[in-house]
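Here are some notes for a colleague opening this structure for the first time. They are set out as numbered points.

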Amino acid sequence: MTQVKMTVNGKAASGDVEGRTLLASFLRENLGLTGTHIGCDTSQCGACLVHVNGEAIKACTMLAVEAEGADVKTIESMANADGSLNVLQQAFQDHHGLQCGFCTPGMIMSASALLKDNPKPTEAEVRHYLDGNICRCTGYHNIVKAIMAASGQDVSALAAE
Amino acid sequence: MPKDGGIGASSKRREDIRFLTGEGNYTDDINLRGQAYVFFLRSDIAHGTLNSVDTSAAESMPGVVKIFTGADFTEVGSIPCGWQITDKHGEVMQEPRHPVLAFGKVRHVGEPIAAVVAETLGQARDAAEAIEVDISELPAVIDMKQAVKEGAPKVHDDLTSNLCYDWGFVEENKAAVDKAFEDAHHVTTLELVNNRLVANPMEPRVAVGDYARGTGDHTLYTTSQNPHVIRLLMGAFVLGIPEHKLRVVAPDVGGGFGTKIFHYQEEAFCTFAAKACNRPVKWTSSRSEAFMSDAHGRDHVTKIQMALDADNNFTALRTDTYANMGAYLSTFAPSVPTWLHGTLMAGNYKTPLIYVNVKAVFTNTVPVDAYRGAGRPEATYQLERLVDKCAHELGVDPIALRRQNFITEFPYATPVAVEYDTGDYIATMDKLEEIADIAGFEARRKESEAKGKLRGFGVNCYIEACGIAPSNLVGQLGARAGLYESATVRVNATGGLVVMTGSHSHGQGHETAFPQVIAEMIGIDESMIEIVHGDTANTPMGMGTYGSRSLAVGGSAMVRATEKIIAKAKKIASHLLEASEGDIELKDGAFSVAGTDKSVAWGDVTLAAYVPHNYPLEDIEPGLEETAFYDPSNFTYPSGAYACEVELDPETGHVTIERFAAADDFGNIVNPMIVSGQVHGGIAQGIGQALMENCAYDSDGQLLSASYMDYAMPRASDLPFYTVDHSCQTPCTHNPLGVKGCGEAGAIGSPPAVVNAVLDAMRSGGKNVDHIDMPVTPQRVWAAMNG
């Protein structure tokens, strides 16, 4: 066992892990941050996407020990301080960008990273960026709409319901 | 003007708040004190004699609590099958034993052989590697037609062959159907494959078993669409636990699509092992395990023929289908290619004579069962591909041929034993032609051709049957369950109420849509209504959610229970208002006396029910809580017409979906936003089946597509925005809401449109190809174009 220390959602966090423990497992099992989901074992689905030092990272692609000293942000940190949904989360609710909710934390973390780099993405840019996030429920239609709406674009004319 | 609440409003989903903030409570988020973890050692051989499983070295590995093998389960029941088919000779299907852990033989790659329970998952996995398994490999049977040949290796030695059943429907019609083919002016024949799929809800399956030695109570937390069904099947048939000592909880469930209906070995194992180890036992499926252990879907091989008269009227239809059951019978597997498939072969057409033959076959593959649509996508794909082929052989417009043969009068009794109550197939086709902008297609085709691409347009219609029922009929057809739904409405003293429903939400938004119905009925705010589901301890016996049944059946039960509530509340109100019960009206959350200004608020009545000081105690009991079980008198029949436009790159065979339009008739709509979302998701899965998804085995029974690296599912960049419309509404005539169900339509209606469009694109490039099997991969398209 090795002790790792990092900052998670603005707070100091530490725990004892095996060398093989993934960051995704550390967040879920050691810290109880179960909003980060695990949907596959080949780093394809993106349900475990978090931010590490400001970068979008699939938490299954990183060992917990590799995150030593890092600044990690998970879905649990995304709402406004008063607990209300942030602009992106609110757009997902407004545009029905989620159904079962399992891919949703990864989608939100991925989309927020996109909007940081590209504040007004086109439809094609959104779809391309989401290649690492699989959703099986929505057919992506309302996810793409929600992300574009969150960026301040008028999506009402984009597609008929 | 859109409504802002009640039936017909696009109310935002209340469940979204927890899902968007990481506060959902999925089964893998549940960790119990003292819990141990199980890892299943699974067969990497498709078919073999299991000579021995030596766990001695593994037993002493660090952290190991206990190791189980098939020998530990010989006194335990078989994983049950919930539907018995009677074949065309009047014989019941062959039904093999399905052990919790393999015993004597292994029959598919992924079958669990041993289970290691350890302090950590890592330790369980490490110990599993130290188990010595001795298997004598046998020839595997993978191809269905080979499997039913004389002398083929048998998947189950104690069965007479690999043929589960040979079903004929309607057997009495067969001679008349054959005669119609002899008399036909034209016959179109098509042979096709409905590719094997894996449902792939994004949440892998999880089971946590718990046992309280002090009370003898078992609890199973599981990723299920129907916790009561699991409780009954596992308790009564596998482990012998009476229902009052077994609680099954299915909390937030991350998608199901059918694959979480069934009772699986891992659920029985964790429940059994929790008692044997006297501590909670947790299993979390990896995605690779999911591919090897979740029931697969589809996998039909079909020959279908249509007979037409000289005026292009359909006169008869006949089909021969081989349906893969896999190595064992999953919970509802036998019903899928029969009653959920044969009964839909009329489609939207007035074909007077139909005969369907289905041979269900055991193979050394993962069991196959219901996946989104379950039988109806297979029926629709065959029929709608066939009708397109008819049109091209006859040189007529595919839409015109469909319109000519549409059923136009309702109710309509099909020759395959079902009665469609309502529908308007002309209206949905008219709507489709409008929203798909058929008029603009030729201009778009020219644009594509200017880029060196081919463009194709394809349509199809569909009919489906939702809300499978009634119980007495399905019992005659072989169901070993009733198919009603239940609801308890508990009104609290201060007027808020809780609906405890047997339906289960795993993405469908029941927590939002169900309150819309009750809010409308009583005239109170939706926020006063809470939905409880997914726990056998606090919901009435219910059959769960699948087959687009939640609102049509579960919603109807809720309406019936609420009607009882309102009836009792009116009695209380009449007492409070000192008026005749018949004069009491409920509107906008208040009871009033007709023709007067006397009224009493909803909350005053509910308070009186629980604080019955001024109350007619001699006539009615205190309290306000009612339960209803609703058993529908018929299926519901949603229908629609879909159109797909593709662009095909003749250089590479790559196909892109450029436009997709869906015109559906779901009857009445409670929440249009949710309905659109259901259609979007169904379309995406249908496009996935048509273009890329394929669960592939090699001839030795090795699963070639066991991860997301190998099994292709649509990503955002593979799909366009869809145009969906559900303004054509012919309400269901036999349920109180007039709703039909919308969950599966997209997956049923989209594959034929895609394939029809691809073939149209090829034709526009001068390549007249009769058929191409799904998935329509670039390799297959290129080969067809250049073959």
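1. Helices here are DSSP runs of H or I with at least four residues, numbered from the N terminus. With that numbering, helix 6 of chain B is followed by B:Gly240, whose phi is positive, near 65°. The model is a predicted one.

2. Helix 6 of chain B covers residues 227-239 and spans only 16 Å between its end C-alpha atoms, whereas a straight helix of 13 residues would span 18 Å at 1.5 Å a residue.

3. Is helix 6 of chain B enclosed or exposed? Of its 13 residues, 11 are buried, so the helix is largely enclosed by the rest of the structure. Among the buried residues are B:Pro227, B:His228, B:Arg231, B:Leu232 and B:Leu239.

4. Chain B as a whole contains 19 helices and 30 strands. Its C-alpha atoms fill a box of roughly 85 × 70 × 55 Å along the principal axes. A compact globule of 787 residues would have a radius of gyration near 28 Å, and the 27 Å of chain B agrees with this.

5. In chain B, 60% of the 787 residues count as buried. Taking the contacts of chain B with a separation of 6 or more, 80% join residues 24 or more positions apart.

6. Where do the two chains touch? Contact between them involves 48 residues of chain B and 47 residues of chain A. On the chain B side, the elements that give two or more residues are helix 1 (16-20), helix 8 (287-293), helix 17 (672-691) and strand 30 (722-725). Helix 17 of chain B gives the most, with eight residues. By class, this side of chain B has 21 nonpolar, 18 polar and nine charged residues.

7. Chain A is divided into domain 1 (2-77) and domain 2 (87-150). The C-alpha centres of these two domains of chain A lie 21 Å apart. Between them, 14 residues of domain 1 are in contact with 11 residues of domain 2.

8. Which element of chain A gives the most to the side of domain 1 that touches domain 2? Strand 3 of chain A (residues 49-52) does, with three residues. That side of domain 1 of chain A has seven nonpolar and seven polar residues, and no charged residues.

How values were computed:
Residues are numbered from 1 along each chain as its sequence is written. Chains are lettered from A and ligands numbered from 1 in the order in which they are written. This is a predicted model: local features need pLDDT of at least 70, side-chain atom pairs count only at pLDDT 80 or more; totals for chains, interfaces and linings use all residues. Two residues are in contact if their C-beta atoms, placed from the backbone, lie within 7 Å. Ala, Val, Leu, Ile, Met, Phe, Trp, Tyr, Cys and Pro count as nonpolar, Asp, Glu, Lys and Arg as charged, and the others, Gly among them, as polar. The radius of gyration is taken over C-alpha atoms; the globule rule is 2.2 Å times the number of residues to the power 0.38. A residue is buried if 20 or more other C-beta atoms lie within 10 Å of its own, exposed if 12 or fewer, and partly exposed in between; C-beta atoms are placed from the backbone. The expected span of a helix is 1.5 Å times one less than its number of residues. Domain bounds come from an automatic or database domain assignment.
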